[in-house]
Amino acid sequence: MTAETSQTLDRGLRVLKLLADTDHGLTVTELSNKLGVNRTVVYRLLATLEQHALVRRDLGGRARVGLGVLRLGRQVHPLVREAALPALRSLAEDIGATAHLTLVDGSDALAVAVVEPTWTDYHVAYRAGFRHPLDRGAAGRAILSARATADPSHPGYTLTHGELEAGASGAAAPLVGVSGVEGSVGVVMLTDAVPERVGPRVLDAAREVADALR
């Protein structure tokens, strides 16, 4: 630190860097220990960063990087979509269903990239910008499942039916190993049951997207 720098800003940036380096977030106590400051200081830093959507806290009190970090750089969000599009396009064409990349935004799941198949007679209309609670729909449930699993390096896939749209089923798998980003890759289709091969195919696509975002 020098006379020209701000200690508070420095600490806030260090909080963001610490959170970006963990997939599971950090508690106030953990941040306090890592920063070498008392918990009151950490609470104030988090509250300020949360107001700007740079940090979010889950129901368990763990702090994570917020999507406001993406909004700081206008080109970052398009780059995320661009990186994911090849895997999503391949998934949509292979399965014949609408494929999507979904990220956590507060307590919601937010679709940031969507690709529809070109060869089907009909498919589910699903648009980028669509949001829904994390505990509804395959995309959000896959993310919650990854949070709860004891071994996030070996995720499974999640299947749902009729939770977001009557008659539609979904399959999704979480992104793994992408620092500072919580999300999932999935498909939504008009069917009563998801075909057996779809789950493993979605898992493969999630790995492809994660690799592209690293």
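**Strand β4.** I started with β4 (residues 108-115), where six of the eight residues are buried, so to speak mostly covered. Buried means under 20% relative accessible area, exposed means over 50%, and partly exposed is in between (1.4 Å probe, protein chains only). The helices (H or I, at least four residues) and strands (E, at least two) are DSSP runs, numbered from the N terminus.

**Before going on.** I noted that this is a predicted model, where local features need pLDDT of at least 70 and side-chain atom pairs count only at pLDDT 80 or more, while totals for chains, interfaces and linings use all residues. Residues are numbered from 1 along each chain as its sequence is written, and side-chain values use heavy atoms, with hydrogens and water left out.

**Neighbours of β4.** Next I looked up what β4 pairs with; two strands pair if DSSP finds at least two bridges between them. Strand β3 (residues 98-105) runs antiparallel to β4, and seven bridges join them. I found L101 opposite A113 in β4. The two strands make a hairpin with two residues between them, and G106 in that turn has a positive phi of about 70°. With strand β5 (residues 131-133), β4 has three bridges, again antiparallel. There D108 stands opposite P133.

**The whole sheet.** In which order do the six strands of the open sheet come? I read off β5-β4-β3-β8-β7-β6, with antiparallel pairing. β5 and β6 (158-161) are the edge strands, each pairing on one side only. From one strand to the next, the twist averages 30°. I also checked β7 against β8 (residues 183-190): they are antiparallel, with seven bridges. A171 has V187 in β8 as its bridge partner.

**Helices across the sheet.** For angles, axes are lines fitted to C-alpha atoms, for helices over the stretch in contact, and the angles run from 0 to 180 degrees between N-to-C directions. Contact means heavy atoms within 4.5 Å. Helix α6 (residues 138-148) lies across β3, β4, β5, β6, β7 and β8, at about 30° to β7. Helix α7 (residues 198-213) lies across β3, β7 and β8, and I noted about 145° to β8.

**S169.** I zoomed in on S169, which sits in β7 (residues 168-174). Is S169 buried or exposed? It counts as buried because its relative accessibility is 2%. Leaving out residues up to four places away in sequence, S169 touches T160, H161, V187, V188, M189, T191, D192, A193 and V194. Its side chain makes a polar contact with the side chain of H161 at 2.7 Å. A polar contact is a pair of N or O atoms within 3.5 Å; within protein, one must be able to donate a hydrogen and the other to accept it, and residues adjacent in sequence count only if both atoms are side-chain atoms.

**Helix α2.** In α2 (residues 28-35) I found V28, L31, S32 and L35 buried. Seen down the axis of α2, the buried residues fall within an arc of 105°, so they line one face of the helix. The arc is taken from the directions from the helix axis to the C-beta atoms. An α-helix has 3.6 residues a turn, so residues three or four places apart point the same way. The face turned away from the buried side carries the exposed N33 and K34. The cover over the buried residues of α2 includes α1 (7-20), α3 (39-51) and β2 (63-65).
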